[in-house]
Amino acid sequence: MEKPKVLVTRCDVPEPALKKLRDLCEVDIFEGAYPIPRDQLKARVAGKDGLFCFLTDPITPEILDAAGSSLRSISTMSVGYDHLDIEEMTKRGIKVGHTPFVSTDAVAELTVALLLATSRRLLQANAEITNGGWAQCVWGPVYMLGKGLTGSTVGIFGLGRIGQAVLKRLSGFSVAKFLYADFVEQKLDSSFPPAEFVSFERLLQESDFVICMASLTDQTRAKFNKEVFTAMKNSAVFINASRGGLVDQDALVWALQTGQIWAAGLDVMNPEPLPADHVLNTLPNCTLLPHIGSSVESARFAMAELAADNLIGGLFKDKQMVHSVN
Amino acid sequence: MTFSAWCVLLRYQPLRICKTPRNLNFFKPAYSTSLPDSMEKPKVLITRNDVPQIAIRKLRELCDVDIYEGSYPMPRDQLLARVAGKDGLFCFLTDRINAEVLDAAGRSLRVVSTMSVGYDHLSLEEMKSRDIKVGYTPDVLTDATAELTLALLLATSRRLLQANAELNNGGWGRCVWGPVWMLGKGLSGSTVGIFGLGRTGQAVLKRLAGFNVAKFLYTSTTKKELRAKFNKDAFAAMKNSAVFINTSRGGLVDQEALVWALQTGQIWAAGLDVMTPEPLPTDHILTTLPNCTLVPHIASADVKTREAMAELAAENLLGGLIEGKQMLKRLC
């Protein structure tokens, strides 16, 4: 029997995953360590049975048309699938896999890292070492003061897997109160600190730290807008490590510039990558990271292998995807 | 006492004093204090002007306060000149208070209050021999210091500075989302070793509890062996994949050995809040190493903590100077 043909849309995938694919499939790998250009994607997906892709590859009906009717298995090496037209894929009988769970720890850890880097002004403080600021001040009682978690109220928007993992990591920081907003109340076992299920409005009004950990859907798109930033405390720290699309970015810029909120930390934004001269990159109270939420070796290797398993699972009749979206 | 208990204790005191009627005659307060009308107010020197107001207000009510005008360490010659004849000194870890300063102060100097928990800048033996009371500010900054230690650890292990730089140097533009780009080291499943499990070490341990660390180890040693404890042998003994964090004092590290260790891959990365000297020269080699994350001694730098430290240092100073009052945190 002919081996199924698969396209992998970039070359810097961990080798164990590629080996799994090569054992069972004919593997076409785009040569670049950067997102495959659109025209090359359309050309090379033609006639493929499977597609191994990334969150930087929007797989639209156009791409599905270019692939033709052979395409039956799509596997994204990501948890999020807002870049995939799931409805269209389901209509065409294409199975879609993603990689939840294996990166939860890494993303939750990066979210806390980003929160602390923002609240304790690490980037600004580090710059003082080379720009002469530290030399002038040395040890100043009111130099580079940040906001402490101790005694604060932390509000998490979206208490799913990753939100819960963030909650767990914050439990040792002497936070006074945890709040969360979500579609439904979550059942948390005793290994979690107590967290109160509140309305979105209460979360905004009472939180010193607002952490956005929700999926990007039609209901959550641009959820964090001008009204929302106005409702937050002027002393609040806003963290987003989920998807840039949840934030009205112009409103965020306005909020940071006018003191509606004290600071923001983002691992996700619009667009990605952000242009170096984007205004967000000039604001001293904005801490930016280039979407590195899951960038830990063990997590990425696990994601790659899982994505390979998903792809294979969708290609062979006697196999199953490990985690399918549809 | 816990940090939050300290906050409550300190906040009651200003309320009591503030209930007094406004009185422009600064030297004859309408309320009774432990200071008899006939006695001169003690003279104190504060060695920089950017101290939280709450502390300055407390001191001004009961003392004659001389404040150095700069928001930077008081130059030595000015310190020696202006400490002369003072009863009390409110200082910082950047003020080396040794026999020279104590001589310059003369016999009037009874109390030294440092707005820090570290006291390696104070010649304690000298002060003891001159019966000078010394106050410091432990406990109130434990939370902030432990939090900054975690912040620094995560910034180092997850390469935040390097990653942020990729926004500006075109790196992110090229790679976008790479499966093996900017990989850091995760705490999940790791072994964390804490050298020194005192107040701050324990607060760090508590904060790490939620990060799925597989194993915690700790050790400590007698004070005598601390200087340059982390030397070439120590770094060679560490795993090549190890992350080294120091937020205690720069003197615990043989810094040249650390540079060697980072350059040759003896360890994977280091994060420092303290170093030698402070401030570090802007072109120091440590600032050029991609696997070294530096922050400028900001461990206790959050708003509430510094207010608490300043209040406590003021209370310590008053406690040593004013009859009937007590130093809250006394070193000697």
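In which order do the 7 strands of the open sheet in chain A stand? Let us find out, one close-up at a time. This is a predicted model, in which local features need pLDDT of at least 70, side-chain atom pairs count only at pLDDT 80 or more, and totals for chains, interfaces and linings use all residues. Residues are numbered from 1 along each chain as its sequence is written, chains are lettered from A and ligands numbered from 1 in the order in which they are written, and side-chain values use heavy atoms, leaving out hydrogens and water.

**View 1. The sheet of 7 strands in chain A.** The order is E8-E7-E6-E9-E10-E11-E12, with parallel pairing. Strands here are DSSP runs of E with at least two residues, helices are runs of H or I with at least four, and both are numbered from the N terminus; two strands pair if DSSP finds at least two bridges between them. At the edges, strand E8 (196–197) and strand E12 (286–288) of chain A each pair on one side only. Look also for strands E6 (residues 153–157) and E9 (residues 209–212) of chain A, joined in the parallel sense over 4 bridges; there, Gly155(A) stands opposite Val210(A).

**View 2. The sheet of 5 strands in chain A.** This open, parallel sheet has the order E2-E1-E3-E4-E5. Strand E2 (26–29) and strand E5 (95–97) of chain A are at the edges with a single partner strand each, so one side of each has no neighbour in the sheet. Strand E1 (residues 5–8) of chain A runs parallel to E2(A), with 4 bridges between them, and Val6(A) has Val27(A) as its bridge partner. Helix H12 (residues 297–315) of chain A packs on the sheet, touching E1, E3, strand E4 (73–76) and E5 of chain A. Contact means heavy atoms within 4.5 Å.

**View 3. Where chain A meets chain B.** Each partner brings residues to the contact: 68 from chain A and 68 from chain B. Together the chains bury about 6100 Å², 65% of it on carbon and sulfur atoms; buried area is the accessible area (1.4 Å probe) that two parts lose on being put together, summed over both. Arg120(A), Trp134(A) and Trp139(A) supply 15% of the area that chain A buries against chain B, more than any other three residues.

**View 4. A salt bridge between the chains.** Glu109(A) forms a salt bridge with Arg158(B), and their closest N and O atoms are 3.2 Å apart. The count between chain A and chain B is 2 salt bridges, each a side-chain nitrogen of Lys or Arg within 4 Å of a carboxyl oxygen of Asp or Glu.

Definitions and conventions. Axes fitted to C-alpha atoms, helices over the stretch in contact; angles between N-to-C directions.
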